[in-house]
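Dear colleague,

I am handing over the structure below for you to look at alongside these notes.

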Amino acid sequence: IAEHVGKAAANIAAGAVVCVESEIRGDVTIGPRTVVHPKARIIAEAGPIIIGEGNLIEEQALIINSYPENIMPDTEGVEPKTMTIGINNVFEVGCVSQALKIGDNNVIESKADLGKNVILTSGCIVGACCQVNTCEVIPENTVIYGSNCMRRVQTERPQPQTLQLDFLMKILPNYHHMKKTVKGTSTPVRN
Amino acid sequence: MASLLQPDRVLYLVHGEKKIRSPLSTLYFCRYCSELRSLECVSHEVDSHYCPSCLENMPSAEAKLKKNRCANCFDCPCCMHTLSTRATNIPAPLPDDPSKTTMKKAYYLACGFCRWTSRDVGMADKSVASGGWQEPDNPHTQRINKLIEYYQQLAQREKLERDRKKLARRRPYMPLAFSQHTIHVVEKYGLGTRLQRQRPGAPITSLAGLSLKEGEDQKEINIEPAQALDEVEPLPEDCYTRPINLPEVTSLRQRLLQPDFQPAGASQLHPKHKHLLIKRSLRCRKCEHNLSKPEFNPTSIKFKIQLVAVSYIPEVRIMSIPNLRFQKECQVLLTLTNPVENITHVTLVGCEEGDPEDINSTAKVMVPTKELVLAGKDAAADYDELAEPQDFQDDPDVVAFRKSNKIGFFIKVVPQREEDGDVTVSFKIRHDFRNLAAPIRPSEEGDAPTEAIWLTHHVELSLGPIIA
């Protein structure tokens with residue numbers, strides 16, 4: 001794992017649509033059918049980030065694997081922790097996620113803030129502007145909403161955004177340059 | 001410095017039943033009485049009912065029938081947001097040919113804020129977009145209706161008895177319905193008495209719907225008294241040991257918004273119809289003129305009649321405050337804005353010793369003694385570049401600047417108390433007011449049609465804490 005530290009190339013699978021204006025730093029793996037909008041930021045500082053397939057990461061979203069607060073970046077002997085993100089998640093505009101483990105079919109709404117110690121299972125919805133930085137595992141199908149971060153459990157998980165993903169994968173290449181994927185060539189640049 | 005513009009820093013005193021001090025932006029001005037009015041010294045009347053989400057107007061009688069709820073819109077029982085109707089395609093067998101399936105639309109209610117759906121409480125999807133949703137019936141409705149009828153009849157009977165007693169003593173020409181005491185008795189089980197309080201002599205027309213009409217056969221309504229039970233349902237055995245499923249427990253607010261059922265579990269929270277809002281009109285209690293009358297259309301925010309104080313009374317605002325020191329003279333910059341189109345003359349007078357209105361001031365204030373002249377508000381001033389600036393001889397010690405209908409002037413403040421808390425000063429502002437509402441009498445001598453009257457208002461300013 002030590003050899004991955006310092007590797008700067010992002011590992012983008014074929015079929016993923018990642019705009020060139022997005023900032024991807026560090027060891028990041030992005031699965032197929034994932035869409036990363038311009039101005040999204042995925043920063044793998046303290047360890048690699050693995051993003052599954054079918055995810056939607058919107059503008060100004062920040063997914064960051066950062067160092068814990070009391071540890072300096074240069075200390076020796078710190079194990080880099082991998083941040084795993086599952087499939088069919090939606091990171092809406094302006095959200096910040098530092099959670100190390102995110103399951104499937106979650107929706108993190110605009111300007112939500114997830115701390116380092118939270119673990120999202122599946123089907124969770126973190127409402128707009130909700131800050132969740134408790135040290136816990138959020139049970140499945142939980143909805144966190146409101147200014148006081150009230151919680152309730154819903155009976156069904158949120159639907160995967162297949163329609164939106166299909167639409168974006170067709171339209172975004174018309175207006176933005178894409179980052180190169182691993183297998184196959186990059187999408188042709190249109191004038 | 002935006003905090004200096006906050007409305008509750010400058011308070012105007014309203015003379016009414018209660019002496020109320022509030023910012024000018026919340027006050028109304030009755031131009032027939034030529035006095036300031038606050039919300040507490042006007043009578044509020046309901047103008048119209050409307051639904052806040054579909055903006056549908058509803059006549060008052062219909063609103064009363066539907067218990068002030070909209071027929072089409074629902075509230076989320078979880079977060080009280082408005083529910084929206086969503087559609088899904090479900091495969092359904094064709095009525096002619098059961099083996100083939102076609103996509104049919106099914107509708108369900110969903111909340112955009114907390115993601116509650118009607119499927120969470122087990123309500124089946126409906127095939128029509130609106131009108132398919134029913135609120136669950138209250139099992140006690142019949143008993144409640146019977147009780148209401150019985151008590152209305154009782155009140156009517158009591159009213160007749162009192163009138164009979166009064167009739168024996170009263171002169172014959174006084175009409176039966178106008179007795180003051182009986183109003184309260186009939187209204188005991190009907191609308192509140194507040195409606196009647198403001199109009200001591202007006203006929204009571206709202207009672208007609210509640211009480212039985214005169215001459216109708218009064219049916220004897222008998223109700224069974226409520227039975228007290230000896231045995232109460234026992235608590236479940238695992239009441240103390242069962243772990244609580246917290247997401248399933250309803251909050252007090254969710255529970256009390258459904259007073260019929262007050263469910264303890266979240267799986268029994270059904271959506272309720274949305275509550276209607278009202279548009280209200282305000283009326284001066286002394287002269288019975290309307291001070292504020294909104295438009296009938298729910299989508300319109302304009303007013304038919306809008307007699308707000310800021311469009312008649314010059315407004316004082318704080319512009320800048322220096323460091324206030326105990327018993328040292330400081331100069332505070334205030335602005336005075338003229339809301340009317342003609343020139344206004346304003347005189348400021350400090351409060352005298354022992355003024356009964358001056359209860360809050362903690363500092364001595366020296367106001368400019370000269371009369372301040374304010375130019376009229378010219379709506380076209382921004383566009384008219386060739387306008388000559390009017391020449392007012394301003395004393396530079398008193399007037400700091402002048403800009404169209406606004407002037408800035410200095411007052412001197414000497415804080416008298418060294419304690420914590422804001423330095424408060426008060427003074428009286430006297431200005432001339434031309435009443436354009438009064439009917440123009442045919443002038444016999446060719447006088448100016450509008451005469452100015454002088455109005456005095458008591459103003460209190462909160463200047464902030466003393467900085468040592």
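For chain B the average pLDDT is 80, with 82% of the residues scoring at least 70. The stretch to treat with caution is residues 191–217 of chain B, where pLDDT stays under 50 and for which the model has 27 contacts beyond four places in sequence. Where pLDDT is low, the predicted coordinates should not be read in detail.

Chain A has 191 residues, of which 43% are buried, and its secondary structure comes to 1 helix and 21 strands. Of the contacts in chain A with a separation of 6 or more, 28% are between residues 24 or more positions apart. The accessible surface of chain A is about 10,000 Å², and carbon and sulfur atoms account for 53% of that area.

Turning to the aromatic side chains, there are 5 aromatic pairs over all chains. Another edge-to-face pair is that of B:Tyr150 and B:Tyr151, with 5.5 Å between the centres and 75 degrees between the planes; B:Tyr150 is partly exposed at a relative accessible area of 24%, and B:Tyr151 is partly exposed at 34%. In chain B, one aromatic cluster is made up of B:Phe29, B:Tyr312 and B:Phe433. There is also a charge over a ring, with B:Arg119 lying over the face of B:Tyr108 at 4.2 Å from the ring centre.

As for charged pairs, the structure holds 17 salt bridges over all chains. Among them is the one between B:Arg285 and B:Glu17, with an N to O distance of 3.5 Å. This pair links distant parts of the chain, 268 residues apart: B:Arg285 sits in the loop between strands E11 (277–284) and E12 (290–294) of chain B, and B:Glu17 in the loop between strands E1 (10–14) and E2 (20–22) of chain B. B:Arg285 is partly exposed at 23% relative accessibility, whereas B:Glu17 is exposed at 69%.

A further salt bridge brings together B:Glu40 and B:Lys18, at 2.6 Å from N to O. B:Glu40 lies in the loop between strands E4 (35–37) and E5 (42–50) and B:Lys18 in the loop between E1 and E2, so the pair ties together parts of chain B that are 22 residues apart in sequence. B:Glu40 is partly exposed at 45%, and B:Lys18 is partly exposed at 49%.

B:Asp432 and B:Arg434 also form a salt bridge, their closest N and O atoms being 3.6 Å apart; here B:Asp432 is buried at 8% relative accessibility, while B:Arg434 is partly exposed at 31%. Finally, B:Glu35, B:Arg37 and B:Lys286 are linked in a network of salt bridges.

Terms used. Residues numbered from 1 in each chain as written. Chains lettered and ligands numbered in written order. Heavy atoms only, no water. Helix = DSSP H or I, 4+ residues; strand = E, 2+ residues; numbered from the N terminus. Buried < 20%, exposed > 50% of the residue type's maximum accessible area, 1.4 Å probe, protein only. Contact = heavy atoms within 4.5 Å. Areas by Shrake-Rupley, 256 points an atom, 1.4 Å probe, with all protein chains shown as cover. pLDDT = per-residue confidence, 0-100. Phe/Tyr/Trp six-rings, centres within 6.5 Å; stacked < 30°, edge-to-face > 60°. Lys NZ or Arg CZ within 6 Å of the ring centre and 35° of its normal. Salt bridge = Lys/Arg side-chain N within 4 Å of Asp/Glu carboxyl O.
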